[in-house]
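Dear colleague,

Please find below the structure that I am handing over to you, followed by an account of what was found in it. I would ask you to keep the structure open while you read.

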Amino acid sequence: MPKPALRRVMAATAAAAGVLTLGVTDASAHATTTLDYVALGDSYSAGSGVLPVDPTNLLCLRSTANYPHVIADATGARLKDVTCGAAQTSHFTEAQYPGVAPQVNALGAGTDLVTLTIGGNDNSTFINAITACGSAGVLSGGKGSPCKDKNGASFDDQIENNTYPALKAALREVMAAAPNARVAALGYPWITPAAADPSCFLKLPIAAGDVPYLRGIQAHLNDVVERAAEETGAVFVDFAAVSEGHDACQAPGTRWIEPLLFGHSLVPVHPNALGERRMAEHTMDALGLG
């Protein structure tokens with residue numbers, strides 16, 4: 001081969017090798033980038049009742065085995081966990097307790113990922129509905145639909161008229177505080193089965209006709225979380241399908257949510273360790289995180 005031609009081949013080969021090396025280097029750098037991850041939300045995010053407890057803030061009943069920690073461990077993300085039991089949407093921008101800063105204060109321009117579960121404590125929806133339906137169920141001996149008969153659409157009206165706009169406002173605050181982050185708003189896994197299970201009454205004393213009523217309230221709450229997420233540009237992580245058959249009426253090892261009575265958690269009607277792991281896994285699947 002003539003020398004000029006040989007020089008051209010060698011130059012082309014070197015250039016191609018340089019491009020290849022650059023590509024490998026860029027891919028490697030991208031693969032090893034550590035996500036700055038901030039977890040916000042209420043007790044379902046905090047893993048309240050799941051051991052071990054985070055000793056850095058006992059007021060918030062936060063677990064170090066909650067779904068944010070599971071996600072961080074699996075992805076190698078740098079986690080800042082400010083989840084707090086009993087948090088409402090207002091606590092994204094207001095202090096929940098003395099010394100517990102507004103949750104959005106943890107966010108910044110460098111935040112890459114935000115997850116949150118919020119809305120169930122607004123209007124005290126969860127606790128009021130569970131308490132009202134549980135009390136009514138006991139008094140009725142599990143017959144009829146006394147909770148629905150007494151409360152009607154009151155819970156749904158609060159969710160639609162109060163929680164829904166509060167969720168949108170809270171998500172907008174998150175987006176403004178973390179403009180470069182991917183934000184995931186998680187739904188709540190099913191607490192009750194679709195229909196009454198007589199064998200569950202001692203653990204979850206809800207009257208037969210109120211089981212679908214209570215589930216409908218939760219479905220409405222998840223619906224407004226989904227709508228708020230879509231309207232603000234967040235990703236909604238839907239648990240309706242994957243949590244079916246893992247409600248509080250199921251056996252240990254199957255259920256993700258602990259029952260009201262005779263459960264294995266200090267905080268009833270909340271995810272157990274299995275539930276937190278499954279919430280993490282489904283969230284990572286939804287977000288395409290390895």
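Tyr-188 counts as buried, because its relative accessibility of 1% is under the 20% cut-off. Please note that this is a predicted model. The rings of Phe-126 and Tyr-188 have their centres 4.9 Å apart and their planes at 85°, so this pair is edge-to-face. Phe-126 lies in helix 4 (residues 125-140), whereas Tyr-188 lies in the loop between strand 4 and helix 7, so the pair ties together parts that are 62 residues apart in sequence. Phe-126 is likewise buried, at 15% relative accessibility.

The count of aromatic pairs comes to three. One of them joins Tyr-44 and Tyr-188, edge-to-face, at 5.1 Å centre to centre and with 75° between the planes. Tyr-44 belongs to helix 2 (residues 43-46), so this pair links parts that are 144 residues apart in sequence. Tyr-44, Phe-126 and Tyr-188 form one aromatic cluster.

Two arginines also lie over ring faces: Arg-215 over Trp-190, at 3.8 Å from the ring centre, and Arg-227 over Tyr-164, at 4.4 Å.

The largest nonpolar core has 66 residues, and Val-114, Leu-116 and Val-174 have the most contacts inside it. Helix 7 (residues 210-232) gives the most to this core, with nine residues. Beyond its neighbours within four places in sequence, Val-174 is in contact with several residues, including Leu-40, Phe-92 and Val-183.

As to confidence, the mean pLDDT is 91, and 89% of the residues reach 70 or more. Over residues 1-31, however, the pLDDT is below 50. Where pLDDT is low, the predicted coordinates should not be read in detail.

Yours sincerely

Notes:
Residues numbered from 1 in each chain as written. Predicted model: local features only at pLDDT ≥ 70, side-chain atom pairs only at ≥ 80, totals over all residues. Heavy atoms only, no water. Core = buried A, V, L, I, M, F, W, Y, C linked by side-chain atoms within 4.5 Å. Buried < 20%, exposed > 50% of the residue type's maximum accessible area, 1.4 Å probe, protein only. Helix = DSSP H or I, 4+ residues; strand = E, 2+ residues; numbered from the N terminus. Contact = heavy atoms within 4.5 Å. pLDDT = per-residue confidence, 0-100. Phe/Tyr/Trp six-rings, centres within 6.5 Å; stacked < 30°, edge-to-face > 60°. Lys NZ or Arg CZ within 6 Å of the ring centre and 35° of its normal.
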